[in-house]
Amino acid sequence: MFKFILTQRWIVGCIRFWLGFILLSAGVTKMLHGNFIQLIGPPWLIEVLAKHQLGLFAEFIAISQIIIGFCLLVKRFATLGAVMAIPMFLNILMVTISQDWRGTPYVVGFFLACNIYLLIWDFDKLKFLLTDQEEAIPKGGIIRKDLQIDLLYLIGLVPILLAVLIAMPLRASQILAFGGLAWWAGVYVWQLIKKKNIHK
């Protein structure tokens, strides 16, 4: 068991889930004004920035956090999420430094380092962005082994986005947001059962 826990693939999976849930929960919390699972970040950021005519920008950041968090949480989109998370964490880092938030830049810097580790792990997927040799770049369309799973995970993102984008009672927003998380958990379990049955 300990051998399994200490494998690099397992560690990478834990980092992806951890960063993904941190970003997603931070985005939903901002949009629901603190009425969600708050792990990091001030839930009142949108209200504060709105005083400086930056409310729309703050909402854009929150929605971006939700989408990037979703990508990191779902292994099928994790590499894309890790790429998008770099500018997100860099922006957050600059904000915390410019606002002189003591301790917070170190925390965000650690998140950034963890995210860079994910990109190093996925280097084989990304190395073609750095090559000058066109013949080395794989040709052809995007191949997905199971588009049904992709669609099922994306369906779970819909209620979360509806919860934060459409004006509705707080309780309804919370139910939708938690419903999206529950949907993902269900799809993940179903996927594991499906794989187990295939390998029997």
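Buried means under 20% relative accessible area, exposed means over 50%, and partly exposed is what falls in between (1.4 Å probe, protein chains only). The model is a predicted one, so local features need pLDDT of at least 70 and side-chain atom pairs count only at pLDDT 80 or more, while totals for chains, interfaces and linings use all residues. Residues are numbered from 1 along each chain as its sequence is written, and side-chain values use heavy atoms, with hydrogens and water left out.

Start with the overall fold. The protein chain has nine helices and zero strands, where helices (H or I, at least four residues) and strands (E, at least two) are DSSP runs numbered from the N terminus. Read along the sequence, that gives the pattern α-α-α-α-α-α-α-α-α. The C-alpha trace spans about 55 × 40 × 40 Å along its principal axes. Of the 200 residues in the protein chain, 38% are buried. Contact here means heavy atoms within 4.5 Å; among the contacts with a separation of 6 or more, 63% are between residues 24 or more positions apart. The accessible surface of the protein chain comes to about 12,700 Å², and 70% of that belongs to carbon and sulfur atoms; the areas come from the Shrake-Rupley method with a 1.4 Å probe, and for residues only the protein chains shown count as cover.

Next come the salt bridges, each defined as a side-chain nitrogen of Lys or Arg within 4 Å of a carboxyl oxygen of Asp or Glu. The structure holds three of them. In one, the side chains of Asp 122 and Arg 16 meet with an N to O distance of 2.9 Å. Asp 122 sits in the loop between helix H6 (104-121) and H7, and Arg 16 sits in helix H2 (residues 8-31), so this pair ties together parts that are 106 residues apart in sequence. Both Asp 122 and Arg 16 are buried.

Another salt bridge joins Arg 76 to Asp 150, with the closest N and O atoms 2.2 Å apart. Because Arg 76 lies in the loop between helix H4 (55-73) and helix H5 (78-98) and Asp 150 lies in helix H8, the pair ties together parts that are 74 residues apart in sequence. Arg 76 is partly exposed at 23% relative accessibility, whereas Asp 150 is buried at 6%. Lys 127 and Asp 124 make up a further salt bridge, their closest N and O atoms being 3.5 Å apart. Here Lys 127 counts as partly exposed, with a relative accessible area of 33%, and Asp 124 as exposed, at 55%.

Arg 9, Lys 75, Lys 125, Lys 145 and Lys 195 gather in a patch of positive charge. Lys 125 belongs to helix H7 (residues 123-126) and is exposed, with 56% relative accessibility. For charges, Lys and Arg count as positive and Asp and Glu as negative, with His and the chain ends not counted; each charge is placed at NZ of Lys, CZ of Arg, CG of Asp or CD of Glu. On that basis, the mean positions of the 18 positive and 10 negative charges of the protein chain are 13 Å apart.

There is a nonpolar patch as well: Val 158, Leu 162, Leu 165 and Ile 166 together have about 350 Å² of accessible area. Ile 166 is in the loop between helix H8 (147-165) and helix H9 (170-198), and its relative accessible area of 44% makes it partly exposed.

Finally, a few buried positions. Asn 115, in helix H6, is buried at 0% relative accessible area. Asn 115 touches Leu 19, Leu 72, Ala 82, Ala 85, Ile 86 and Phe 89, leaving aside residues up to four places away in sequence. Val 12 is 103 residues from Asn 115 in sequence, yet their C-alpha atoms are 9.8 Å apart. Gly 81, found in helix H5, is likewise buried, at 0% relative accessibility. Its contacts, not counting residues up to four places away in sequence, are Ile 68, Cys 71 and Leu 72. Thr 29 lies in helix H2 and is buried, with a relative accessible area of 2%.

Definitions and conventions:
Patch = residues over 30% accessible without salt bridge, like charges linked within 9 Å, V, L, I, M, F, W, Y side chains within 5 Å.
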